[in-house]
Amino acid sequence: MLAMDVTPLPLVRAGSLAWIDTAQMVEVDRVMVEDLHIQLVQMMENAGRNLARLVVALHRPATVAVYAGSGGNGGGGLVAARHLANHGVEVTVVTTRPRDEMTPVPAHQLDIVERMGIAVGGADPGAEVAVDAVIGYSLRGAPQGRSAELIGAVNAHPDVVSLDVPSGLDTGTGQTPGVHVRAGATLTLAMPKVGLRGRPEVGRLFLGDISVPAAVYDAFGASVPPTLFADGPVLEVR
């Protein structure tokens, strides 16, 4: 059982947030990296740490299966796997691609996971909780191949926590063009995405801090208080 001190997660009202679309989130990421020099690996670390925190707060699991894609969303899931393992959870990792076929930053995260001795291989249907980090906001059409296979494996678990968006759900439209994850909870990052609003696949919606300064949203005409995460790095959105 995980020995992490978790306090109740504070609430934030959905109507007080700046709901953004996929293109705006892409621009947020660009500003973070190119203008502010806050690198992807830093944002990924924040995302994964907060995802692990949420999994613990909701479930206090002894076993977790992390399903990770080859891009940034998968990298966040791999960070979460490391933090969960560091606190005593038995973690199994399943990836859509081998390390040499991943983009560089997620490949680095998988290298760390492997060096730690965390099990990487086949799905573990017996795990108490599945972490869904297969596809993030980069969804283009219906999931295919290995990604679709892992989405099916995720849905076989009784409890699912998704990172940023349930895999297979379009963050801009809310549509599900093919197979998709049905999450019990979703930790969306930075700001909630318009496609998540009111969708049953999302489950309980949480917001995770990845260190985006409030001023970054000014370009979208969005008013985001700099104290949004003053009560903690993970908020429940209601």
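How much space lies in the largest pocket? The largest pocket holds about 750 Å³, where a pocket is an open set of points on a 1 Å grid over the protein atoms alone at which a 1.4 Å probe fits, with protein on both sides within 12 Å along at least five of seven lines. The volume is the space filled by probe spheres set on the points, which are joined across faces, edges and corners. The model is predicted, so local features need pLDDT of at least 70 and side-chain atom pairs count only at pLDDT 80 or more, while totals for chains, interfaces and linings use all residues. Residues are numbered from 1 along each chain as its sequence is written, and side-chain values use heavy atoms, with hydrogens and water left out.

The largest pocket is lined by 33 residues, a lining residue being one with an atom within 4 Å of a point. Closest to the centre of this pocket are Gly71, Gly72, Asn73, Gly136 and Ser138. Two or more lining residues come from each of helices H1 (22–35), H2 (40–59), H3 (72–86) and H5 (145–155); helices are DSSP runs (H or I) of at least four residues and strands (E) of at least two, numbered from the N terminus. The lining comprises 15 nonpolar, 13 polar and five charged residues; Ala, Val, Leu, Ile, Met, Phe, Trp, Tyr, Cys and Pro count as nonpolar, Asp, Glu, Lys and Arg as charged, and the others, Gly among them, as polar.

Helix H2 has buried residues that include Met43, Met44, Leu51 and Val55, buried meaning under 20% relative accessible area, exposed over 50% and partly exposed in between (1.4 Å probe, protein chains only). Just after H2, Arg60 takes a positive phi of about 45 degrees.

The structure also holds 13 salt bridges, each a side-chain nitrogen of Lys or Arg within 4 Å of a carboxyl oxygen of Asp or Glu. In helix H1, Glu34 and Arg30 lie four residues apart, about one turn of the helix, and their side chains meet in a salt bridge at 3.1 Å, N to O. A network of salt bridges links Glu27, Arg30, Glu34 and Asp35.

Elsewhere, Arg204 forms a salt bridge with Glu236, with the closest N and O atoms 2.9 Å apart. Because Arg204 lies in strand E8 (residues 204–208) and Glu236 in strand E9 (residues 234–237), the pair ties together parts that are 32 residues apart in sequence. Arg204 is partly exposed at 41% relative accessible area, whereas Glu236 is buried at 6%. Glu236 also meets the side chain of Arg238 in a salt bridge (3.5 Å, N to O), and Arg238 is exposed at 52%.
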